[in-house]
Amino acid sequence: MHGSAPQTAPALPPLRLLVERRFPLEMNVTLPQIRELYDTGKAGRWNPHRDIDWADLRPEQYDAQTREAARRTWSRRLWMEVTGLTETPALLVRFCMETGREIDPKFFLTVRNTEEAWHVECFERVTEAFGGRLVGPADRGYEAAFNRNLHRRVLDAGQHLDSYVACFSAFEDGLELELCRTWRANAENPAIAAMLDHIIADKERHAAFGWLYLGIRAPHWTAAERELIAAQLIAHIRDTEFKGYHCPWLAPEHAAAEAEADAVTAAAGLGAAGRAQEEDTMATYVANARQKFREMGIMLPMFETNRMRTF
């Protein structure tokens, strides 16, 4: 028979799990700003079925090329957002299992996971309207950018929890927030604009959680912990962000179809942005994040991408 053999995923190392120590059980509010994020999330609950008029999508008003582009753009967003359905529960378990961690992040993460489920539902609704969810990238080589096994990583006792929060609850969630704001600025379709308004309000809390928690923890870090956090942040930026996870134009060797789709989606006002806008958003965000981390004693270098842009 001709053809290549089926590819198998590389074996993952065994997890080192924490041992549960429930007592003493501490339920008092110790981080009031994070408890406020939890309370605000409860008070601001929205419903994707009730609060968005999906009839306003009107996919029939767009030509076939635009519909296909929107389908690909929002399918990729869906692949990213689905990560939260496993990653957030795993992060919650890690906070619950690690001795001495405060109760307030545990409450907050329960609400965050619900909001991520609503985002997934919305993105699925958009992809279905424009032709149906795509099951994967046009180039199989791009799949690796999405298969990150974050749920395994955060549950591994060898993973420093504050480093994880720095990479994914602060830096990454903050970048997603700013990109969503950029996409919303270009959104002319009323259903997509309304959807992004709700999602941005959620992601503001998601990013605030990460940065607030780091600010609380930073005074207690050792020099070795600061070096570890910096190393993991640098690896995340180089190995995830600059491999096109959020912005496919950063990975033209694998994500050309997705980058082209985003350009068409942006031009149609369907909730995307052109490369130049996303570059500016990313450059501004990385500079601001670098300053925030510097104030915590975390030093990040300048980054050069394969697109000849320095961040």
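Student: How do you know that the charged end of Arg-77 sits over the ring of Trp-183?

Tutor: The charged end of Arg-77 is 3.4 Å from the centre of the Trp-183 ring. A charge sits over a ring if NZ of Lys or CZ of Arg is within 6 Å of the ring centre and within 35 degrees of the ring normal. The 3.4 Å of Arg-77 and Trp-183 is within the distance limit, and the pair is listed as sitting over the ring. This is a predicted model, in which local features need pLDDT of at least 70 and side-chain atom pairs count only at pLDDT 80 or more, while totals for chains, interfaces and linings use all residues. Residues are numbered from 1 along each chain as its sequence is written, and side-chain values use heavy atoms, with hydrogens and water left out.

Student: Which ring does the charged end of Lys-292 sit over?

Tutor: Lys-292 has its charged end over the ring of Trp-211, 4.6 Å from the centre.

Student: Why is the aromatic pair of Trp-211 and Phe-293 called tilted?

Tutor: A search of the whole structure finds 16 aromatic pairs. In the pair of Trp-211 and Phe-293, the centres are 4.8 Å apart and the planes make an angle of 45 degrees. Rings of Phe, Tyr and Trp (its six-membered ring) pair if their centres lie within 6.5 Å; planes under 30 degrees apart count as stacked, over 60 as edge-to-face and the rest as tilted.

Student: Why does Trp-211 count as buried?

Tutor: Buried means under 20% relative accessible area, exposed over 50%, partly exposed in between (1.4 Å probe, protein chains only). Trp-211 has 13%, so Trp-211 is buried. Phe-293, with 1%, is also buried.

Student: Which residues do ring pairs link into a cluster?

Tutor: Trp-79, Tyr-142, Phe-146 and Tyr-245 are linked in this way.

Student: Why is α3 called roughly antiparallel to α4?

Tutor: The axes of α3 (residues 83-97) and α4 (residues 103-129) come within 9 Å and cross at roughly 175 degrees. That angle makes α3 roughly antiparallel to α4, because angles under 35 degrees count as roughly parallel, over 145 as roughly antiparallel, 65 to 115 as roughly perpendicular and the rest as oblique. Axes are lines fitted to C-alpha atoms, for helices over the stretch in contact, and angles run from 0 to 180 degrees between N-to-C directions.

Student: How many nonpolar, polar and charged residues does the contact of α3 with α4 have?

Tutor: By class there are 10 nonpolar, 4 polar and 4 charged residues. Ala, Val, Leu, Ile, Met, Phe, Trp, Tyr, Cys and Pro count as nonpolar, Asp, Glu, Lys and Arg as charged, and the others, Gly among them, as polar. Among the α3 residues that meet α4 are Leu-85, Leu-91 and Phe-95, and the α4 side includes Leu-109, Arg-112 and Val-120.

Student: What makes Arg-112 count as buried?

Tutor: Arg-112, in helix α4, has 1% relative accessibility and so counts as buried. Leaving out residues up to four places away in sequence, Arg-112 touches Glu-87, Thr-88, Leu-91, Ser-169, Asp-173 and His-206. Contact means heavy atoms within 4.5 Å.

Student: Is His-119 buried or exposed?

Tutor: His-119 is also in helix α4, and its 0% relative accessibility makes it buried. Residues that His-119 touches, beyond four places in sequence, include Trp-46, Glu-81 and His-206.

Student: Why does Asn-149 count as partly exposed?

Tutor: The 33% relative accessibility of Asn-149 lies between 20% and 50%, so Asn-149 is partly exposed. Asn-149 is in the loop between α4 and α5 (150-155), and has a positive phi of about 55 degrees although it is not a glycine. Most residues other than glycine have a negative phi.

Student: How do you know that Arg-58 is partly exposed?

Tutor: Its relative accessible area is 44%, so Arg-58 is partly exposed. Arg-58 is in the loop between α1 (32-43) and α2 (64-81), and its phi is positive, about 45 degrees.

Key: Helices (H or I, at least four residues) and strands (E, at least two) are DSSP runs, numbered from the N terminus.
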